[in-house]
Amino acid sequence: MSLKVAEITARSGVAFGTSGARGLVTGFTPEVCLSLTQGFLKLPGIKRGTVLLGHDLRPSSPGIARAVIAAAEAAGHSVIFAGVLPTPALAYAATQMGLPAIMVTGSHIPFDRNGIKFYRAEGEITKADEQAMMAAEAPLSPLVLKPLPEADPRAVEVYTARCTGALADDALAGLRIGIYEHSGVARDLMHAIFRALGAGTTGLGRTDTFVPIDTESLTPEDRKLGRDWSAEHGFDAIISTDGDADRPLVSDERGQWLRGDVLGILAAKAVGAKTVVTPVNSNTALEKCGAFPHIIRTRIGSPYVLAGMGQATVEPVVGYEANGGFLLGSDVTIDGRTIKALPTRDALLPMLLVLAAARSVGSVSKLLSTLPPRFTHSDRIKDFATEQSRALIARLAGDHAAAAKLMAPHSGKLVNIDTTDGFRASFENGDIVHLRPSGNAPELRCYAEAETAEKAEGLCVECLCRSSSQI
């Protein structure tokens, strides 16, 4: 007996969001893993052969990985198990080895959830691929789960070579870098790569308990950690990632964390990008800095950024998201060194590029001062049902006066509305407030932009406070 993948996953609550299939850990039953895996392997262009597989450090990930291996083998494929590694490392190895890949990771989402990401040899699957997967037929047959095999190191090795080969051997010489390790999958790899390029590194905050770091919505505790560590150790910067290392986190020399969309602008400048693709919620300093001839704004989510990059006609092409994930759409050459394209979110390359640029001008804060003073802040209300978020946004779209009152009552007249993804309102004093349902969890997300960091944070916090009464 078989059913469509969509019918099988609907029972579990597992669904595709902005980045892969996501759901509660309890939803990733062997049946669901079987249906998603075999739906992926039936996509046009994926031939029967070998599949790469990796996973993050969530305690539920090894079990899901076992089910994915069994599902792939049941469909007649062999599996190269790459072990615990960053998502971009697996994706890059897939491009270099010409193989499809599957990554078990929930990225930054809460502990009780997980996910699976899928990659063709050319890069991330598209939204059209997701729809084809859900329409595919999958068997309802039992899986024979085996222990995970020994990890094959090749994927980590080719990714490490890409990172260390991007810069001169002494590009980070003399820098003192703190590495906020928590439960990030790249925590050991970052030490090796940054030391190989001349930096001194110190590990911080390592834990075996999974910590869902969201680079777009840092907790007050994480902000304080950055300041305290910097004051104690005198770092030039502190770096970290989310759980699967496709979203970077970088601080300046004072321990103040950079916003991911600012990091994206600086990385785009470092590679000499001519076309930049980024979602509507990214900082408008991108346009205001005047460094890029072609800019494309998209919906939120790497599949949409990838689609925008596919429309670009002028290279080099890069994409980035407000979470800091950086996508290199074409090969670039810097000082005679070629960096191969990686059309999926990456955390390590933007860190390396920006810290090398900061070293050349004296500090991260001096590098930041080269950009127009626009600041963003984001946060979310957890356990805010997606249906409630959509209903709220629909009400705002139908009543602009109510929208202005809820989102920014002291920012003046509402002068522009963008409904590309959610409801984004621009006001006459330059403030911007944006509400949308999360694509990965039952959360209402808010993004705000203003001329100071304090004002952006205030706009965001106050809007969410007023929105919480809508639950």
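Figure 1. Gly 115 touches Ala 21, Arg 22, Phe 28, Met 103, Val 104, Thr 105 and Gly 106, leaving aside residues up to four places away in sequence. A contact here means heavy atoms within 4.5 Å. Strands (E, at least two residues) and helices (H or I, at least four) are DSSP runs, numbered from the N terminus. Between Gly 115 and Arg 22 there are 4.3 Å from C-alpha to C-alpha, although the two are 93 residues apart in sequence. Gly 115 has a relative accessible area of 0% and is therefore buried. Buried means under 20% relative accessible area, exposed means over 50%, and partly exposed lies in between (1.4 Å probe, protein chains only).

The model is predicted, so local features need pLDDT of at least 70 and side-chain atom pairs count only at pLDDT 80 or more, while totals for chains, interfaces and linings use all residues. Residues are numbered from 1 along each chain as its sequence is written, and side-chain values use heavy atoms, with hydrogens and water left out.

**Figure 2. Helix α15 against helix α16.** Helix α15 spans residues 400-407 and helix α16 spans residues 453-468. Their axes come within 8 Å and cross at roughly 120°, so α15 is oblique to α16. Axes are lines fitted to C-alpha atoms, for helices over the stretch in contact, and angles run from 0 to 180 degrees between N-to-C directions. Angles under 35 degrees count as roughly parallel, over 145 as roughly antiparallel, 65 to 115 as roughly perpendicular, and the rest as oblique. On the α15 side the contact involves Lys 405, Leu 406 and Met 407; on the α16 side it involves Leu 459, Cys 463, Arg 466 and Ser 467. Sorted by class, the contact has four nonpolar, one polar and two charged residues. Ala, Val, Leu, Ile, Met, Phe, Trp, Tyr, Cys and Pro count as nonpolar, Asp, Glu, Lys and Arg as charged, and the others, Gly among them, as polar.

**Figure 3. Backbone at His 182, Asp 335 and Pro 316.** Most residues other than glycine have a negative phi, and most peptide bonds are trans. His 182 is not a glycine, yet has a positive phi of about 30°. His 182 sits in the loop between β10 (176-180) and α7 (187-196). With a relative accessible area of 1%, His 182 is buried. Asp 335, also not a glycine, has a positive phi of about 50° and lies in the loop between β18 (332-334) and β19 (337-339). Asp 335 counts as exposed because its relative accessibility is 67%. The peptide bond from Glu 315 to Pro 316 is cis, with omega near 0°. Pro 316 belongs to the loop between α11 (302-311) and β16 (317-320).

**Figure 4. Ala 10 in helix α1 and Glu 157 in helix α6.** Helix α1, which holds Ala 10, runs over residues 5-12. Ala 10 has 59% relative accessibility and so counts as exposed. The C-alpha atoms of Ala 10 and Gly 27 are separated by 9.7 Å, with the two residues 17 apart along the chain. Helix α6, which holds Glu 157, runs over residues 154-165. At 48% relative accessibility, Glu 157 counts as partly exposed. From Glu 157 to Phe 81 the C-alpha distance is 14 Å, at a separation of 76 residues in sequence.

**Figure 5. The whole protein chain, as a setting for the close-ups.** The protein chain has 16 helices and 25 strands. Of its 471 residues, 57% count as buried. Residues 24 or more positions apart account for 68% of the contacts with a separation of 6 or more. The C-alpha atoms fill a box of roughly 60 × 55 × 45 Å along the principal axes.
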